[in-house]
Amino acid sequence: MKTKLFAVALFFTFVFSFMLISAGVPDAAAEKKLKAGFIYVGPVGDYGWSHAHDMGKKYAEEKFPWLETVIVESVAESDSMRIIDRLIQQQKCDVVFTTSFGYMDDTVKAGKKYPDNILMHCSGFKRSANVGTYFGDLYQMYYLNGLMAGALTKTNKIGYVAAFPIPELIRHINAYALGVKAANPKASVDVKWIYAWYGPDKAKEAAEALIAEGCDALAFTEDTPAVIEVGQDHSEKGKQIYTFSHYSAMQPYGEDSVVSGQYMDWGGIYATILENIYNGTWTSKNMEDKDILWLAKEKAAILGGTPTDPVNPKFVPALKAAMIDSPEFGKISAYDLVMKRYEQMKQGREVFEPFTGPIKDNKGNLKIKAGEKASIGDLMSIMYYVDGVNGNIPQ
Amino acid sequence: MIQITTSDRYNITAARSLMTSLGAFAAGLLVISIIFLAAGVNPLFAISEIFLGSFGSAYGFKETVTKAIPLILIGAGLTLAFRAKFWNIGAEGQLLMGAIFATWTAQTFGEALPSVLIVPLVFGAGFLGGALWGIIPAILKIKYAINEVITTLMLNYICAEILTMLIVGPWKGKTRFGFPGTDNLPESVILGVIPGSRIHYATLILAVVSAAVLTVVIYKTRFGYEARVVGENPDAGKYAGIDFLKTSLILMAISGGLAGFAGVGEVAGIHHYLGYPASVSSGYGFTAIIVAWLAKLNPLYAIFSGLVFAGIVVGGDAIQISLGLPAATVQIVNGILLIFLIMGDYFLHHKVHIRFGKTN
């Protein structure tokens, strides 16, 4: 009797769920569609990298009625080929976005395998007829964060919790250190490597270690608010630690600790790429030279720990009180200097570039001559610490 | 009142074993259906998508076989170790050490030698690397009575760090623009694939042959007998004069060596360069532990359980891609299936009697 009842119930739930599903299928529009697949390295709820990409995807999806998307999250780098295969063969995606550096070789291989599809690889350097690259970089924001860290520090020791020793991280650490130096020539930056993009436990440990060594301002590259939570914890207990939010709006995790941060808006980048592909400007024949890099000028790189405040209001008075001798602006408050530099960055690299010579590495060798600006190519492959960063890049 | 009693079952036939596994599988699917319903997805549609994505389509099946190659190799090796109750949790590290040895051999001799010579050499090097990493815990266990669960597990991390050190340091490739990872292996080392797939057939053949040979070794040779005695009745083993050190060394060399083969396959067959540990192996060394258990510690069955498990993983992609559910659902589905398969084992070995009625 019971089993019969169960069987009947099960039957009805199946029927009911069929109805639910068929009701959810929208009428197929007759107009031309574009289907894009997105491969994320972390979960979309990671509050960092993958989350930011997914926000960008959603923005493009809302903007374009012709766009259809599929996402795959938490894809191990060793599994990316299988997922690309499935997105193209089974899901019939026209475009696939691979959003982790570790997917590079598989993306290029997939380009050879599917000559009629377009692949877009984020953060890499290998392109072909149908494989393009795109990136949004935050180094300018790290410079501005460095200005604030240098202005606020009491110990003159600044910390950085870093994921992997690759050019992107070195560039960010350097930009941060250049900012610190510009605000406070006595301060220097210590770096701890955790060898993980997603590693809240390791990030916490590294943050605690830096604080124990005397650092009172921390920036980081890791996909969780772990460092901020450490900073908030110490700040609540009376030891002020300044932190800088990374990649998403992490200020709510540390209202008493987060001064500012870097925030990436991928929406515009994805919309631009998809629109170009949709209207036929970009095809599977001409991607070889499609290498997008968006910075502050394109409003991809945004300053702040929330989308609304470039600087946490709590720390504005302290930054307004900290005076800096600027070669360009004379005596100026740290707050005004940050805002001036931010405005200049929005106008473009030609107006202000943190990597403008003379820049020496931390061994004393001149790397960028006085008056010269580092090229994008130099920045993308930078593998030396500038003066002001302590220690050596792990070899 | 309902009375439940159990008793041991002795007459376990192959048919009963198969039926139990299928029954457990079906029961697992039923529970999974409830989860799909809760997520608002039609369970029949979901399960058919998973099946189509793993075994039911040419595309899916090719991927399943590709993924099964390392699982079969490592799983077969683990059946030997587990039979001797040597709990080798270190296959992941043994795989990576195999990959390291293979990469070094390929980069050093690959340019000078033709494929017919270098490919066997690279596989040999991979076996050696995995075997060396495997016999360390064997020595520690037999000579110094150090628990092998701990040593094999910890050696995974040590090996991962050694690999990372090599690719960010001395082995960092010139073609990588400062990013960690070796240059691509020479063309002569790259393993051929079945056209239109990623199945590197040399490793697949090696996996099947290894599993078959190992079955003969376990059931038909003196060494296999000794390994089983070491596991099942160590006291009798001592009395019979079995050399525990020698037996453990050989079995861990084989178990580690097969994991090393898997490492060669991943590097020379799939990725073509040595990158971060996570981009060499997606945890095959750990997944294969389950493969060995599902195979009931019979290496020949590991071929099938490796395929089944690879199918579960590959089919799991459909959960995300076709059904649009979060990645965590894949883990839940896989976890439930495994729990039911392992629970099925209990019902295979025990009779359960349920009596309805009053008890006075």
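Biologist: How far apart are the centres of domain 1 and domain 2 of chain A?
Modeller: First, a heads-up: this is a predicted model, where local features need pLDDT of at least 70, side-chain atom pairs count only at pLDDT 80 or more, and totals for chains, interfaces and linings use all residues. Residues are numbered from 1 along each chain as its sequence is written, while chains are lettered from A and ligands numbered from 1 in the order in which they are written. Chain A splits into domain 1 (34–136 + 266–294) and domain 2 (139–264 + 301–380), with bounds from an automatic or database domain assignment. Taken over C-alpha atoms, their centres are separated by 30 Å.

Biologist: Which helix gives the largest share of the side of domain 1 of chain A that touches domain 2 of chain A?
Modeller: The contact takes 13 residues from domain 1 of chain A and 14 residues from domain 2 of chain A; contact here asks for C-beta atoms, placed from the backbone, within 7 Å. Helices (H or I, at least four residues) and strands (E, at least two) are DSSP runs, numbered from the N terminus. Three residues on the domain 1 side, the largest share, come from helix α2 (residues 49–63) of chain A.

Biologist: And which element gives the largest share of the side of chain A that touches chain B?
Modeller: Here 36 residues of chain A are in contact with 30 residues of chain B. Two or more residues each come from α1 (2–24), β2 (67–72) and α3 (80–89) of chain A. The largest share, seven residues, belongs to α3(A).

Biologist: Which residues have the most contacts inside the largest nonpolar core?
Modeller: A nonpolar core is a set of buried Ala, Val, Leu, Ile, Met, Phe, Trp, Tyr and Cys residues joined through C-beta atoms within 7 Å, and buried means that 20 or more other C-beta atoms lie within 10 Å of a residue's own. The largest one has 223 residues, drawing at least three from each of domain 1 and domain 2 of chain A. The residues with the most contacts inside this core are A:A334 and B:I74.

Biologist: Are α12(B) and α13(B) oblique or roughly parallel to each other?
Modeller: The axes of helix α12 (residues 284–294) and helix α13 (residues 299–321) of chain B come within 8 Å and cross at roughly 130°. Axes are lines fitted to C-alpha atoms, for helices over the stretch in contact, and angles run from 0 to 180 degrees between N-to-C directions. Under 35 degrees is roughly parallel, over 145 roughly antiparallel, 65 to 115 roughly perpendicular, and the rest oblique. So α12(B) and α13(B) are oblique.

How values were computed
Buried ≥ 20, exposed ≤ 12 C-beta atoms within 10 Å, placed from the backbone. Contact = placed C-beta atoms within 7 Å.
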